[in-house]
Amino acid sequence: MSKRIHTGKRYTEEEKVVSFFFRLMENMTIDPETGCWLYGGIVGNECGHTKIKFKDKVEQTHRIVKQLEVGRKLNPKEQVQHRPELCRNKNCFRPDHLKIGDAGENARDRKIEGTASVPRPRLKKSVREAAELLLRAGKGPTEVSKTLHINRVTVSNLKKGLGIK
């Protein structure tokens, strides 16, 4: 992999868009069954959406593609959603598989499909206290999660909340 040498050159908006699409296409595969354009980059959140850097900011891939298609920056309340009749693949960034909606519409689509998120159960007080004791004793999140049979991410978040480095 070659390293890019910083030359101090300022890139035009057009050059940034072209560079973005080259990177996108280098990491793209097409699903032969659905026609989805799948980005093979970094999965950026627990929901499975991929992220990519564009104009010095890392954002969800499908959101950037939709913004470029419509020719404007979307406001924070606007959500880019996968059209349920075409695909629900969170990796897909094919523009005609995407639509702009809001949180309510997205929730209704997920409820109809049966993919609405289920509230996460809270740790029982005794399990939480045991996890805190183990973390304070210097045990790592992986070891604590295996010992107590709880999710490692939950333990990591607990550790952060306690201010333990």
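1. Thr61 is placed in helix H2, where helices are DSSP runs of H or I of at least four residues, strands are DSSP runs of E of at least two, and both are numbered from the N terminus. At 1% relative accessibility, Thr61 counts as buried; buried means under 20% relative accessible area, exposed over 50% and partly exposed in between, with a 1.4 Å probe and protein chains only. Not counting residues up to four places away in sequence, Thr61 touches Leu24, Tyr39, Thr50, Lys51, Ile52 and Phe93, contact being heavy atoms within 4.5 Å.

2. On provenance, this is a predicted model, in which local features need pLDDT of at least 70 and side-chain atom pairs count only at pLDDT 80 or more, while totals for chains, interfaces and linings use all residues. Residues are numbered from 1 along each chain as its sequence is written, and side-chain values use heavy atoms, with hydrogens and water left out.

3. The protein chain holds six helices and seven strands. Read from the N terminus, its elements follow the order α-β-β-β-β-β-α-β-β-α-α-α-α. Of its 165 residues, 26% count as buried. Among contacts in the protein chain with a separation of 6 or more, 41% come from residues 24 or more positions apart.

4. Thr61 also belongs to a helix pair. Helix H1 (residues 13-26) and helix H2 (residues 61-70) pack at an angle of about 135 degrees, and their axes are 12 Å apart. Axes are lines fitted to C-alpha atoms, for helices over the stretch in contact, and angles run from 0 to 180 degrees between N-to-C directions. H1 is therefore oblique to H2: angles under 35 degrees count as roughly parallel, over 145 as roughly antiparallel, 65 to 115 as roughly perpendicular and the rest as oblique. On the H1 side, Val17, Phe20, Phe21 and Leu24 meet Thr61, Ile64, Val65 and Leu68 of H2. By class, this contact of H1 with H2 has seven nonpolar residues, one polar and no charged. Here Ala, Val, Leu, Ile, Met, Phe, Trp, Tyr, Cys and Pro count as nonpolar, Asp, Glu, Lys and Arg as charged, and the others, Gly among them, as polar.

5. A second pair is formed by helix H4 (residues 125-136) and helix H6 (residues 152-162), which pack at an angle of about 70 degrees with their axes 10 Å apart. H4 and H6 are therefore roughly perpendicular to each other. Arg128, Ala131, Glu132, Leu135 and Arg136 in H4 meet Val155, Leu158, Lys159 and Leu162 in H6. The residues of this contact of H4 with H6 comprise five nonpolar, no polar and four charged.

6. Arg94 lies in the loop between strand E6 (79-82) and strand E7 (98-101). With 23% relative accessibility, Arg94 counts as partly exposed. Leaving aside neighbours within four places in sequence, Arg94 is in contact with Gly35 and Trp37. The C-alpha atoms of Arg94 and Ile30 are separated by 9.5 Å, although the two residues stand 64 residues apart along the chain.
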